[in-house]
Amino acid sequence: MSTKYKATTTDEAYFITITTVGWIDVFTRLNQKYVITNALKHCQEKKGLEIYGYCIMSSHLHLLCKGTDGFILSDIMRDFKKFTSKQILKTIQEEPESRREWMLEYFQKSCEHLKKDQKYKVWQGGYHAEIVESNWFIKQKINYIHNNPVKEKIVTLPEDYYFSSARNYAGLDYELEVILLDLF
């Protein structure tokens with residue numbers, strides 16, 4: 001597998017995007033967003049994940065993050081995707097979901113071409129990771145992450161979107177703890 005967009009070091013922070021197959025809008029339901037935040041909390045507590053910025057959109061997740069304490073970010077992301085795939089599927093199957101059959105069929109068809117014996121595929125293969133190399137890059141990516149819901153006309157102000165670190169930076173109630181960076 002190519003390492004061009006993979007977080008393979010332990011010292012640097014990365015801007016990461018993880019996307020569902022077919023850009024399916026899985027995270028329109030509150031219960032699915034909690035699958036993601038709970039898994040991220042676990043990674044923070046048990047797998048050395050430091051998060052500086054995040055936003056959960058309907059079909060993807062943006063993170064500005066780093067692996068610490070000897071944990072490699074690519075391993076953390078692999079485990080995160082594996083665990084959340086199972087939890088997302090479980091939630092679709094066990095909780096009210098009007099798109100259940102369609103989503104499960106799509107996830108099933110998405111792995112037909114794989115050599116690995118797999119019944120469902122929720123996430124696109126790999127993830128897009130860009131190494132953080134400057135303060136300008138950090139500011140640009142934090143602004144991008146926080147303005148994603150504004151660009152999609154979900155909210156008017158970044159800090160109004162509950163599943164984003166924009167709330168942390170604005171000093172408001174938040175769902176997920178992040179390490180605040182001095183951006184100004």
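## Salt bridges

Lysine 109 and glutamate 105 form a salt bridge in which the closest N and O atoms are 3.2 Å apart, a salt bridge being a side-chain nitrogen of Lys or Arg within 4 Å of a carboxyl oxygen of Asp or Glu. The two residues are four places apart in helix α3, and therefore about one helical turn separates lysine 109 from glutamate 105; helices (H or I, at least four residues) and strands (E, at least two) are DSSP runs, numbered from the N terminus. Both partners are partly exposed, lysine 109 at 48% relative accessibility and glutamate 105 with a relative accessible area of 43%, where buried means under 20% relative accessible area, exposed over 50%, and partly exposed in between (1.4 Å probe, protein chains only). Elsewhere, salt bridges that share partners join Lys47, Asp75, Arg78 and Asp79 into one network.

The structure is a predicted model, in which local features need pLDDT of at least 70 and side-chain atom pairs count only at pLDDT 80 or more, while totals for chains, interfaces and linings use all residues. Residues are numbered from 1 along each chain as its sequence is written, and side-chain values use heavy atoms, with hydrogens and water left out.

In total, the structure holds eight salt bridges. One of them pairs lysine 47 with aspartate 79, with 3.0 Å between the closest N and O atoms. This pair links distant parts of the chain, since lysine 47 is in the loop between α1 and β2 and aspartate 79 is in helix α2, 32 residues apart. Lysine 47 is partly exposed, with a relative accessible area of 22%, and aspartate 79 is likewise partly exposed, with a value of 25%. Another salt bridge joins the side chains of glutamate 97 and arginine 99 at 2.9 Å, N to O; here glutamate 97 is buried, with a relative accessible area of 8%. Side chains of opposite charge can pair when their charged atoms come close.

## The nonpolar core

The largest nonpolar core has 51 residues, of which Ile16 and Phe107 touch the most other members; such a core is a set of buried Ala, Val, Leu, Ile, Met, Phe, Trp, Tyr and Cys residues joined through side-chain atoms within 4.5 Å. Two or more residues of this core come from each of β1 (14–19), α1 (30–46), β2 (49–56), β3 (60–67), α2 (73–94), α3 (100–109) and α4, and α2 gives the largest share, seven residues. In soluble globular proteins, nonpolar side chains tend to be buried together.

Not counting residues up to four places away in sequence, phenylalanine 107 touches Val21, Ile24, Val26, Leu89, Ile92, Lys119, Tyr120, Lys121 and Val122, contact meaning heavy atoms within 4.5 Å.

## Loops and backbone

Threonine 20 has its place in the loop between β1 and α1 and is buried, with a relative accessible area of 0%. Its contacts, leaving aside neighbours within four places in sequence, are Val26, Phe27, Ser59, Val122, Trp123 and Gln124. Tryptophan 23 is also found in the loop between β1 and α1, but this residue is partly exposed, with a relative accessible area of 48%. Although tryptophan 23 is not a glycine, it has a positive phi of about 50 degrees.

A positive phi also occurs at aspartate 69, a residue other than glycine, where the value is near 55 degrees. Aspartate 69 lies in the loop between β3 and α2 and counts as exposed, at 70% relative accessibility.

## Surface

Leu30, Tyr34 and Tyr162 form a nonpolar patch on the surface, with about 260 Å² of accessible area together. Patches are made of residues with over 30% relative accessible area and no salt bridge, like charges being joined within 9 Å and nonpolar side chains (Val, Leu, Ile, Met, Phe, Trp, Tyr) within 5 Å; accessible areas come from the Shrake-Rupley method with a 1.4 Å probe, and for residues only the protein chains shown count as cover. Tyrosine 162 is placed in the loop between α4 (135–151) and α5 (166–169) and counts as partly exposed, at 30% relative accessibility.

## Model confidence

The mean pLDDT of the protein is 91, and 94% of its residues reach 70 or more, pLDDT being the predictor's confidence in each residue, from 0 to 100. Over residues 1–6, however, pLDDT stays under 50, and the model has 10 contacts beyond four places in sequence for these residues.
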